[in-house]
Amino acid sequence: MIETRNLRHRYGGDDGPAAVDGVSLSIADGEFVVLAGPNGSGKSTLVRHFNGLLDPDEGEVLVDGTPVSEDLVAARTRVGMVFQQPRDGFVAATVGADVAFGPENLGLPREEIDRRVGEALAAVNMAGRRDERIDELSGGERERVAIAGALAMDPGHLVLDEPFTGLDAPARESVVEQLRALRDAGTGVVLVTHDLRDALELADRIVALADGQVAVDAPPAEVRERLPDLGIRVPPASERESPVPGRESTSPEREP
Ligand code: ADP
Ligand code: MG
């Protein structure tokens, strides 16, 4: 369980605007939450509190009932984080070494590390590719290695911040399939995205931020009418079955 209570975060001191402005949320174990909202609405700032990468200016964040500030290691073990553009997040040259890095830092025995790396790579369809060089992988494969790296920590919740950025349609679909499998296996997922094309049907719940506040918190079936008002594009129900060519380049919410 991840909980935020009246969480407020300001960059640059007390008089700056609040990037996250009084957010209270509970995310249950196993729940698949899509966190949506326009650029700058505070999504990344919010999720970076879930494992203590940022500290609140006001309010608190609890993981399994314990304040993150009291047990950073527990929060980081419990909440796995995959960032936008994982390119910057790799620590080793090869797939296997990178995925092993987290478990090695936990000081786990070698067999346990090997077991976790094997399972994590299998979960993202990268089994048997431990020795491949990360810089020779496609964007979608890199994203999957980044997910495997988080999975090897055996997290209860996996948080992915804009994992579809820069991926082409097949790569995006592949990542969506991994997320679906994780969900079915009981891992909680918090998927940060401003692109609901693939995500809507996976979600138990959509939370949309606007100006650092929760503007919508509802099951997917109830949000279609409300999201466009917040500047969040929602695909019509039929669009998933027949994607329109060329919509990538016309997406108004695309990040630079
Ligand atoms: P999102 O992930 O929804 O695009 P962010 O959490 O990145 O939103 O940003 C929320 C607000 O905080 C924006 O106004 C953004 O400009 C500001 N912000 C984000 N990161 C920083 C930072 N490191 N320093 C100062 N302001 C920041
Ligand atoms: Mg962001």
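1. Let's start with the open sheet of 4 strands, which has the order β2-β1-β4-β5 with antiparallel pairing. Its edge strands are β2 (18-27) and β5 (66-67), each of which pairs on one side only. Here, strands are DSSP runs of E with at least two residues, helices are runs of H or I with at least four residues, and both are numbered from the N terminus. Two strands pair if DSSP finds at least two bridges between them.

2. A word on the source: this is a predicted model, in which local features need pLDDT of at least 70 and side-chain atom pairs count only at pLDDT 80 or more, while totals for chains, interfaces and linings use all residues. Residues are numbered from 1 along each chain as its sequence is written, chains are lettered from A and ligands numbered from 1 in the order in which they are written, and side-chain values use heavy atoms, with hydrogens and water left out.

3. Now look inside that sheet. Strand β1 (residues 2-10) is joined to strand β4 (residues 58-63) by 5 bridges in the antiparallel sense. Find Arg-8 and you will see Glu-58 of β4 standing opposite. As background, strands of a sheet pair through backbone hydrogen bonds, either parallel or antiparallel.

4. Next, visit strand β9 (residues 205-210), where 5 of the 6 residues are buried, meaning under 20% relative accessible area (1.4 Å probe, protein chains only). Strand β3 (residues 32-36) pairs with β9 in the parallel sense over 4 bridges, and Leu-35 has Val-207 in β9 as its bridge partner.

5. β9 also runs antiparallel to strand β10 (residues 213-218), joined by 5 bridges. Ala-208 has its bridge partner, Val-216, in β10. The two strands, β9 and β10, form a hairpin with 2 residues between them, and Asp-211 in the turn has a positive phi of about 50 degrees.

6. Which helix gives the most residues to the shell around ligand 1? That is helix α1 (residues 43-47), with 3 residues. By class, the shell has 3 nonpolar, 6 polar and 1 charged residues; Gly counts as polar and Lys as charged in this scheme.

7. Finally, some polar contacts, which are pairs of N or O atoms within 3.5 Å. An N or O atom in the side chain of Lys-43 is 2.8 Å from an oxygen atom of ligand 1. For Thr-45, a polar side-chain atom lies 2.5 Å from a ligand 1 oxygen atom. Ligand 1 taken alone exposes 560 Å², and the protein buries 53% of that; these areas come from the Shrake-Rupley method with a 1.4 Å probe.

Terms used
Polar contact = N/O pair within 3.5 Å; in protein donor to acceptor, adjacent residues only side chain to side chain. Buried < 20%, exposed > 50% of the residue type's maximum accessible area, 1.4 Å probe, protein only.
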